[in-house]
Structures are given as C-alpha cells and as structure tokens.
Amino acid sequence: MAKAAKKSGRTSKEPVTRDYTIHLHKYMQKVSFKKRAARAVRVIRQIAGKVMLTKDVKVDTKLNKFIWSNGVRNVPRRVRIRLSRKRNEDEDAKEKMFTLVQHVPVESFKGLQTETVRDE
C-alpha cells in the first residue's frame, strides 16, 4: 500500500504569545561555576527556538538581568518566560519570524502551566 499525502504538521507560523516555566536547575547539572549563567541564557534561547520553530531568538534585557542577578554561579532554579513569535519587520532579514523572550515575574511557581496569552 502506498502512503497518502504527508500531513503538513506544524507548518503554520502565525504570531503567537505563550508563557512557559523553564526549570533551569536541571540544565545546570555538571556545568562549571564560571559558565552557569551564560549556559542558562543559551538553554533559554535553544528552548525558545525549538518551541516556537524560529532560528532568530531575541532575549530581553530584563530576563538577562534576572538570570545574572545572583551572579555567574547561582542561577535561579526556575524562570517564567513569555515567548512571542513575531513577524520580522526587517526587509533584508533571513527569517520571516523571530521569537522575543521576556521575563514574567511570579511569586510562586506552584501550579503554573503553559498558557497562551492574548495579544493586546
């Protein structure tokens, strides 16, 4: 039997905004102290690119400050982030879409799930 036409899968790349919680502590295992904060930023970029299906990921300065707030060694265990897939306004950009990663301050991480945010 021949296969029917392939499913399109997740090809629709429309602008969308979602809130995620990233457990950074599990990515910091066996990472030397002087590389932890930089690795945390790299992990966030990697997760954002994978989830939002974009190669162009921009990290907000407030998120960067939050990750580096305790120094290079003591990265926060968890971080709540808002991922926004947006259209690239640059006409000479390689990618049509980019992902903006922003920090969402929360009191507690208990019971939080991934949520789609309504754009204003």
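Colleague: Which strands does helix H1 lie across, and at what angle does H1 run to S3?

Modeller: In this predicted model, helix H1, residues 36-52, lies across S1, S2, strand S3 (78-87) and strand S4 (97-103), and its direction makes an angle of about 50° with S3. Helix H2, residues 61-68, lies across S2, S3 and S4, running at about 45° to S4.

Colleague: How should I read the strands themselves, and in what order do they stand in the sheet?

Modeller: As a general idea, strands of a sheet pair through backbone hydrogen bonds, and the pairing is either parallel or antiparallel. Here five strands form an open sheet in the order S2-S4-S3-S1-S5, with mixed pairing. Strand S2 (57-59) and strand S5 (115-116) stand at the edges with a single partner strand each, so one side of each has no neighbour in the sheet. Along the sequence, by contrast, the pattern to follow is β-α-β-α-β-β-β, made up of two helices and five strands.

Colleague: In which sense do S1 and S5 pair, and over how many bridges?

Modeller: Strand S1, residues 16-23, pairs with S5 in the antiparallel sense over two bridges, and arginine 18 has threonine 116 in S5 as its bridge partner.

Colleague: Turning back to the helix, which residues of H1 are buried?

Modeller: The general idea is that an α-helix has 3.6 residues a turn, so residues three or four places apart point the same way. In H1 the buried residues are Arg36, Ala37, Ala40, Val41, Val43, Ile44, Ala48, Gly49 and Met52, and their cover includes S1, S2, H2, S3 and S4.

Colleague: What span should the 17 residues of H1 have, and how far apart are its end C-alpha atoms?

Modeller: At 1.5 Å a residue, H1 should span 24 Å, and because its end C-alpha atoms are 24 Å apart, the two values agree. Leucine 53, which follows H1, has a positive phi, near 60°.

Colleague: What percentage of the chain's residues count as buried, and what percentage of the contacts join residues at least 24 apart?

Modeller: Of the 120 residues, 31% count as buried, while among contacts between residues at least 6 apart in sequence, 70% join residues at least 24 apart. The accessible surface comes to about 9100 Å², with 48% of that area belonging to carbon and sulfur atoms.

Key
Residues are numbered from 1 along each chain as its sequence is written. This is a predicted model: local features need pLDDT of at least 70, side-chain atom pairs count only at pLDDT 80 or more; totals for chains, interfaces and linings use all residues. Side-chain values use heavy atoms; hydrogens and water are left out. Helices (H or I, at least four residues) and strands (E, at least two) are DSSP runs, numbered from the N terminus. Buried means under 20% relative accessible area, exposed over 50%, partly exposed in between (1.4 Å probe, protein chains only). Contact means heavy atoms within 4.5 Å. Accessible areas come from the Shrake-Rupley method with a 1.4 Å probe; for residues, only the protein chains shown count as cover. Two strands pair if DSSP finds at least two bridges between them. Axes are lines fitted to C-alpha atoms, for helices over the stretch in contact, and angles run from 0 to 180 degrees between N-to-C directions. The expected span of a helix is 1.5 Å times one less than its number of residues.
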